[in-house]
Amino acid sequence: MKLTSKLLAAIVVSAIACAAVEAQDLRPDNVRVFMRAKLEHSQKLLEGLTVEDFDMIRKNAGKLELLSQEAAWQVLQTPEYRQRSLEFRRAAKALKEAGENKNLDAAALAYVDVTMKCVKCHQYVRGVRSASADDIPA
């Protein structure tokens, strides 16, 4: 099946948005390296989608799913952050399964879902950190 032009445009916009979020995120070096690895897997996913390489999709979605279970992923210890991480893992698993099933349309939709969860979580983390910084007296 071929992707519709709107779906492909959504994928590209989502990838750019996730890359922009990653580029703006200022964290200690070890977490930055970890997040860079996440971004590289996301970029490989987009490549896999565009060339219909289902093994590349499956492999990189699986790596994202595993990365989300690492200690470096846990930048906050809040119930909302834990829920967002769980939702990200589920979306990455759906993406991996779409790759295993060689279903390009399902993989593309799952990629958009993964990317949106990434962007929204980074937005949440920045908001929590900003609120915490505002609580510190000058």
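**Close-up views of a helix pair and a cavity**

**View 1. Helix α3 passes α4 in a left-handed crossing.** Left-handed here means that the near helix is turned anticlockwise from the far one by less than a right angle (clockwise would be right-handed). The model is predicted: local features need pLDDT of at least 70, side-chain atom pairs count only at pLDDT 80 or more, and totals for chains, interfaces and linings use all residues. Residues are numbered from 1 along each chain as its sequence is written, and side-chain values use heavy atoms, with hydrogens and water left out. The axes of α3 (residues 54-67) and α4 come within 8 Å and cross at roughly 160°. The two helices are therefore roughly antiparallel (angle over 145 degrees).

**View 2. Residues in the contact of α3 with α4.** Contact means heavy atoms within 4.5 Å. By class, seven of these residues are nonpolar, two polar and six charged.

**View 3. The one cavity of 30 Å³ or more in the whole structure.** A cavity is a set of points on a 1 Å grid over the protein atoms alone where a 1.4 Å probe fits but cannot get out. The largest cavity holds about 100 Å³ of space.

**View 4. Lining of the largest cavity.** There are 13 lining residues (an atom within 4 Å of a point). Nearest the centre lie Lys38, Trp73, Tyr81, Cys121 and His122. Helices α2 (29-51), α4 (79-100) and α5 (104-134) each supply at least two lining residues, and α5 gives the largest share, five. The lining has eight nonpolar, one polar and four charged residues.

Definitions and conventions:
On a 1 Å grid over the protein atoms alone, a cavity is a set of points where a 1.4 Å probe fits but cannot get out, and a pocket is an open set with protein on both sides within 12 Å along at least five of seven lines; lining residues have an atom within 4 Å of a point. Grid points are joined across faces, edges and corners, and a volume is the space filled by probe spheres set on the points. Helices (H or I, at least four residues) and strands (E, at least two) are DSSP runs, numbered from the N terminus. Ala, Val, Leu, Ile, Met, Phe, Trp, Tyr, Cys and Pro count as nonpolar, Asp, Glu, Lys and Arg as charged, and the others, Gly among them, as polar. Axes are lines fitted to C-alpha atoms, for helices over the stretch in contact, and angles run from 0 to 180 degrees between N-to-C directions. Angles under 35 degrees count as roughly parallel, over 145 as roughly antiparallel, 65 to 115 as roughly perpendicular and the rest as oblique.
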